[in-house]
Amino acid sequence: LEDALTDLAGGEATILLPSGLNAVTAALLAFVQSGDEILMADTVYQPTRAFCDGLLTRRGVKTIYYDPLIGEQISALITDKTRLAFVESPGSQTFEMQDIPAIAEVAHARGLFVIADNTWASPLFCQPLALGADVVIEALTKHVVGHADANLGAVTANARAARMLDNAKEWLGTSVGSEETYLALRGLRTLQVRLRHHHEAGLTMARWLAQRPEVARVLHPGLESDPGHALWRRDYTGACGLFGAILKPASDRALAAFLDGLELFGMGYSWGGYESLIIPFDPRSYRTATTWKAEGPAIRLHIGLDDIEDLKDDLTSAFARLITAG
């Protein structure tokens, strides 16, 4: 499995971890020590942020959050203490695209490492190492396992970073189970077929939602109307089934009616499998470098392997409940 993931990512070496979050924490710990600073995208996966604000802070590592749209202007945040820049594109929940090559060029000029969380795209749709990252993280729990039945993570490094990553694996003493490894190998056999469906179904549903009168806007970089579409077209070969939507103003009661009656969309966080999922979200309390503004309630959808017309029918009924509940 490590060899296969290394080949897919175009890297030098891969280590396996028990979960996607464990892959994030191991990758960060491999490069920092007390007194260091790291630059972290403000739109990062919330548990990654909790690790930075919690354990890394207690260990004397300072996290500076930056606007994900900053590009080469990230140079203004680099100091003599800065050790690495962390990118996650598109951003967690709100799907802002980052200019990874521009950030990597500036970071490398100052001797920094660049770590990229590539879980949304998988190595089939994006190659962060080729874009300039030194380390790429994949929550294999999502697309690679693909069936929502195993937790697993992976970190792949280029030649520059591979030794430090191997050291971190030895220090942490992490290992993964044979069953989880087998399930990820199983998932690799169908990954291309599943991701092709997620790509097509996700874009179809995103375009359909963009035409709904109850929707203010859709957050999907694969849409031509999305602010990050040009970067997506330049750096990506596809999109997964995960994206967001901002509804027009609605009461909490109306939003609850919309969500609670859904039959095919489950309420859950761990996307990437065959199930279609939905959650409401509001990132205002966990953003510090940017300000989240939305016309109404925000929802995140994962379009699984369900029939797309059945999913549309489910959401059509949900919108009817939304309007009725006021």
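This is a predicted model: local features need pLDDT of at least 70, side-chain atom pairs count only at pLDDT 80 or more; totals for chains, interfaces and linings use all residues.
Residues are numbered from 1 along each chain as its sequence is written, and side-chain values use heavy atoms, with hydrogens and water left out. Helices (H or I, at least four residues) and strands (E, at least two) are DSSP runs, numbered from the N terminus.

**The sheet**

Begin by selecting the five strands of an open sheet, which follow the order β8-β9-β12-β11-β10 with mixed pairing; two strands pair if DSSP finds at least two bridges between them. At the edges stand β8 (215-219) and β10 (265-267), each with a single partner strand, so one side of each has no neighbour in the sheet. From one strand to the next the twist averages 30 degrees.

Next, select β11 (residues 276-281) together with β12 (residues 298-302), which pair in the antiparallel sense over five bridges. Within this pairing, I278 has L301 of β12 as its bridge partner.

**Helices on the sheet**

With both helices displayed, look at how α10 (residues 252-260) packs with α11 (residues 308-325): the angle is about 155 degrees and the axes are 8 Å apart. α10 is therefore roughly antiparallel to α11, in a scheme where angles under 35 degrees count as roughly parallel, over 145 as roughly antiparallel, 65 to 115 as roughly perpendicular and the rest as oblique. To see the contact itself, show R253, A254, L255, A257 and F258 of α10 with L315, A318, F319, R321, L322 and A325 of α11.

Move to α2 (residues 20-29) and α3 (residues 46-58), which pack at an angle of about 45 degrees with their axes 10 Å apart. The two helices are therefore oblique to each other. On the α2 side, select L21, V24, T25, L28 and L29, and on the α3 side P47, T48, F51, C52 and L56, which together make the contact.

**Aromatic rings and loops**

A search of the whole structure finds four aromatic pairs, where rings of Phe, Tyr and Trp (its six-membered ring) pair if their centres lie within 6.5 Å, and planes under 30 degrees apart count as stacked, over 60 as edge-to-face and the rest as tilted. One of them joins W120 and Y236 in an edge-to-face arrangement, 6.1 Å centre to centre and with 70 degrees between the planes. W120 lies in the loop between β5 (113-117) and α5 (122-125) and Y236 in the loop between α9 (229-235) and β9, so the pair ties together parts that are 116 residues apart in sequence.

Finish in the loop between β4 (82-88) and α4 (100-109), where P90 lies. The peptide bond from S89 to P90 is cis, with omega near -5 degrees. F95 is found in the loop between β4 and α4 as well, and its phi is near 65 degrees, a positive value in a residue other than glycine.

Key: Axes are lines fitted to C-alpha atoms, for helices over the stretch in contact, and angles run from 0 to 180 degrees between N-to-C directions. Contact means heavy atoms within 4.5 Å.
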